Amino acid sequence: MADGTHSATSQRPDRDPQSDRPSPSSARARIALLGNPNTGKTTIFNRLSGLRHRTANFPGTTQEARVGVVASSNGADASLIEVIDLPGIYSLELDQTEADICRAVLAGVIAPRGEPVAAPDAVCVVLDAGNLSRGLTLLGESLRRRLPTVVALNMIDLVRREGIVIDSDRLGAALGCPVIPCSARTGEGMDSLRSALMHAEIPVIAPPADEEGLARWAEEHSARVISTPAIHTRDTLTDRLDRAFTHPVLGLLAFATMMTALFWSIFSLAVYPMDWIEWLFALLGGGIERGLPEGMVRDLLSEGVVAGIAGVLVFLPQICLLFFLISLLEDTGYLARAAFVMDRALRPFGLPGHAFVPLLSCHACAIPGIMATRAIPDRRERLATILVAPFMTCSARLPVYVLVTSLLFPGRPLAASLAFVGAYALGIAAGVLSALIARRTILKGPARPMILELPTYKWPSVRTALLTTYDRALVFLKKAGTNILAICVILWWLGAYPRVSPPAEAADLRAQAALIASAEPGRAADLESQASRLEKSHAGAHSFMGRIGRAVQPVFAPLGYDWQLTVGVIASFAAREVFVSTMAVVVAGEEDAESEGVMARIAGAKRDDGTTPVFTRATSWSLLVYYVLAMQCLPTLAVTAREAGGVKWALLQLGWMSLVAYGLAFVVYQGLRIAGVA
Amino acid sequence: MTPTDDQIPALPNGSQADSIGLPLTQLVPGQTGTVCGSTLNPGDRRLLRAMGLRERVKIELCRLGEPCIVRVMGGCNCSSRIGLARPVADRLFVQPDAINDGPDG
């Protein structure tokens, strides 16, 4: 450019630095979005990129960034802009991961995975118009980096409502870069912002380098352009809401109500889409079975792959609902207050208030709960929460609880319910105590007392919540989804192979049935189904899964499990809910655990000696305790590895939970035997 | 009540405050004041400053307890609310404004 300034379009990485003509290649201008938390930065990102974005990690960290693509609204200039949504920070010079990452991105040292490593072509600093001087401090720090800059003065509508006027042109002239008043919520100013970003230039202004000087600079500039300084009015509504939400009693009540509603909707509303998914895929599997010739390919497709995909998609409704509701709650500003309420309860265990919503969500399913730990700012506290999250009783354990408590307390629903509640309580206790141990040993660190900005209360944006949900769902499908699918296919294969010839008794029964088929069709059908059951349980017993069960049984003998229970425990290692159906197949030869009489057959099943029941009282208690505490969910381990940033954390989680589960189940079983309980 | 020696707030240039303020937790809800320093560890101190709780900034104590809630009254109607755990609020020092309707204080 003739006047010596550099525009964003002349800064792209693969270009001749002497020329200021845009390169004919497809290199896009890359913009970094920088700003304080709660400035609506993410809403601006959503407005600019809509659905055209992806979530990517920064290499070597678990910090994520969203990377989106913006089509310029100016018809003449059809080039695309790429936007990176950086984490919200109060200052670039703080010693925290988010600030480290922002500094590194602006310096061109790091970039989200899949992006070329280079300094951004421009920075868009997002300011909250209602908090101008604080935002200007961050802007000043960013200006020192000498990158083309545009300022988005967001939430201008809220400020205008209070009768305040900000002279953005004057501010822009003083700062040396365009200041675009906008409101991402209403869409105002977005077009101007887009075109300003295309023509961003390095500001010539150099703000003071020291902290004090910068603060004064920010104050002076904001004072000059806010032309209607209003008297500070007491915001009594916010005060009253804050007092209510952080009140020791009222606050807890409000929180309990919110959490019950959250939890209930995840538990109950999600059931409908989950059922539809299962029904749809059962149809699909049936269609494949009818359409393809018999053989390994058909079985692999219908029982392995289709069931595997269903096994992934079935998590989606709970994940989507959870993140949708949390996003809404967070947008209102309520969650920040609630974090303080829960901090009191969780602090003694080394966990922060922010851990409560993730841990509660784990009671529906640990996977979205662990994903929700992103909200926890301190790394060690976040890791501790991830490690203990699966102790919380998830919905997959419920079929096992139902089975075992109905065996222990037949016809006594009150006692069974108490045992249920006890199981939940045991899980929670194990979780928080394990967190305490972790925080005193491997994750030792100071308990950071909470300092949290309380954003203004506002009506939540459904649009933002939907986009967040979409993000999280995509991330889950891409990462955890592929693992879960692989696990389901492997599980199926272990249970289906090797194929064995049917046992002699089954062949006899079928021969008998054939003989009497025309004379007594009813009895013939009975004999056929008997034969079928025998064949299935025989096949199950001789599959790889069955053989592994027999081989491993000595390990579980001290807990009171015979080989059939061991098969159930091993099979459900990959997914807990599989226990009941596995027991149904191995013990009763039934594939459908809900068909009539299966429960009775399972309850009456005998061990190899022919007389001792599989489910003695001591064994049942030991099994219950084991299932409360054991890590039996490979999909969760996959998500732990991803969210905690390494397989070693998943292994630690597996090791610790297995130790606790085995130990306590052992104590329970042996203790009951010594006490004379059968 | 005069703070003891180890409660003298640290100011950027290392000298002692001319007017030694009170811990935030000794203000009355609704009372305003001016921040004059803190005895927090450097990390927390920097974070609070970056969030707007720096020296010479006017604040109002909205809620006393666990947590304490302060309203930061930056110039020109800029305002934000910050929740502080009690141990943090105990170590933030504020020069209180006179309470209008109370006895001389």
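Biologist: Is B:Arg81 buried or exposed?

Modeller: This is a predicted model, in which local features need pLDDT of at least 70, side-chain atom pairs count only at pLDDT 80 or more, and totals for chains, interfaces and linings use all residues. Residues are numbered from 1 along each chain as its sequence is written, chains are lettered from A and ligands numbered from 1 in the order in which they are written, and side-chain values use heavy atoms, with hydrogens and water left out. Buried means under 20% relative accessible area, exposed over 50% and partly exposed in between, with a 1.4 Å probe and protein chains only. The relative accessibility of B:Arg81 is 7%, so B:Arg81 counts as buried.

Biologist: Which residue forms a salt bridge with B:Arg81?

Modeller: A salt bridge is a side-chain nitrogen of Lys or Arg within 4 Å of a carboxyl oxygen of Asp or Glu. For B:Arg81 the closest N and O atoms are 3.1 Å apart, and the partner is A:Asp242.

Biologist: Why does the pair of B:Arg81 and A:Asp242 join two chains?

Modeller: Helices (H or I, at least four residues) and strands (E, at least two) are DSSP runs, numbered from the N terminus. B:Arg81 lies in strand β5 (residues 79-84) of chain B. A:Asp242 belongs to helix α8 (residues 236-246) of chain A, so the pair joins two chains.

Biologist: What is the relative accessibility of A:Asp242?

Modeller: A:Asp242 counts as buried. Its relative accessibility is 2%.

Biologist: Which residue of chain A forms a salt bridge with B:Arg54?

Modeller: The closest N and O atoms of this pair are 3.9 Å apart. B:Arg54 lies in the loop between α1 (42-51) and β3 (58-63) of chain B and its partner in helix α7 (residues 211-225) of chain A, so the pair joins two chains. The partner is A:Glu211.

Biologist: How are the rings of A:Phe245 and A:Tyr334 arranged, and why?

Modeller: Rings of Phe, Tyr and Trp (its six-membered ring) pair if their centres lie within 6.5 Å; planes under 30 degrees apart count as stacked, over 60 as edge-to-face and the rest as tilted. Here the centres are 4.7 Å apart and the planes are at 75°, so the pair is edge-to-face.

Biologist: How far apart in the chain are A:Phe245 and A:Tyr334?

Modeller: A:Phe245 is in helix α8 of chain A and A:Tyr334 in helix α13 (residues 334-346) of chain A. The pair links distant parts of the chain, 89 residues apart.
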